[in-house]
Amino acid sequence: MSFCQFFGAEVYKDHFKPGIYVCSQCNHPLFSSRSKFAHSSPWPAFTDTIREDSVTKMMETLTAFKVLCGKCGNGLGHEFVNDGPEEGVSRF
């Protein structure tokens with residue numbers, strides 16, 4: 001399955017079947033469905049990447065990183081520090 005692109009309705013937001021989310025541009029593995037959780041944002045939310053090199057992160061603010069595909073640099077959204085489902089866990 002490809003990773004999300006928001007055009008008014010995100011088809012993977014409420015999709016919880018087992019699988020791997022990949023970059024929509026190059027199919028690089030990004031997130032596992034095991035790290036996915038329900039969240040109020042319009043996009044899917046994950047607590048962790050599959051591998052350390054799945055994404056590249058650039059600091060935007062003290063609490064947010066811009067997240068890019070670790071292979072092709074496709075923009076994926078953000079990592080929000082300490083905004084995950086549990087205290088001390090970040091959200092992609």
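**View 1. Strands β1 and β2 pair up in the antiparallel sense.** In this predicted model, β1 covers residues 20–22 and β2 covers residues 29–32. Three bridges link the two strands. For one of these, look at Val22, whose bridge partner in β2 is Pro29.

**View 2. Here is the stretch between β1 and β2 in their hairpin.** Six residues sit between the two strands. Keep an eye on Asn27, which takes a positive phi near 65°.

**View 3. Three strands make an open sheet in the order β5-β6-β7.** The pairing here is antiparallel. At the edges you'll find β5 (55–61) and β7 (75–80), each pairing on one side only. Going from one strand to the next, the twist averages 30°.

**View 4. Zooming in on that sheet, β6 pairs with β7.** Strand β6 takes in residues 64–69, and its antiparallel pairing with β7 runs over five bridges. Phe65 is a handy place to start: its bridge partner in β7 is Glu79.

**View 5. Stepping back, the protein has seven strands and zero helices.** Follow the chain along its sequence and the pattern reads β-β-β-β-β-β-β. The protein has 92 residues, and 34% of them count as buried. Among contacts with a separation of 6 or more, 32% come from residues 24 or more positions apart.

Note on methods:
Residues are numbered from 1 along each chain as its sequence is written. This is a predicted model: local features need pLDDT of at least 70, side-chain atom pairs count only at pLDDT 80 or more; totals for chains, interfaces and linings use all residues. Side-chain values use heavy atoms; hydrogens and water are left out. Two strands pair if DSSP finds at least two bridges between them. Helices (H or I, at least four residues) and strands (E, at least two) are DSSP runs, numbered from the N terminus. Axes are lines fitted to C-alpha atoms, for helices over the stretch in contact, and angles run from 0 to 180 degrees between N-to-C directions. Buried means under 20% relative accessible area, exposed over 50%, partly exposed in between (1.4 Å probe, protein chains only). Contact means heavy atoms within 4.5 Å.
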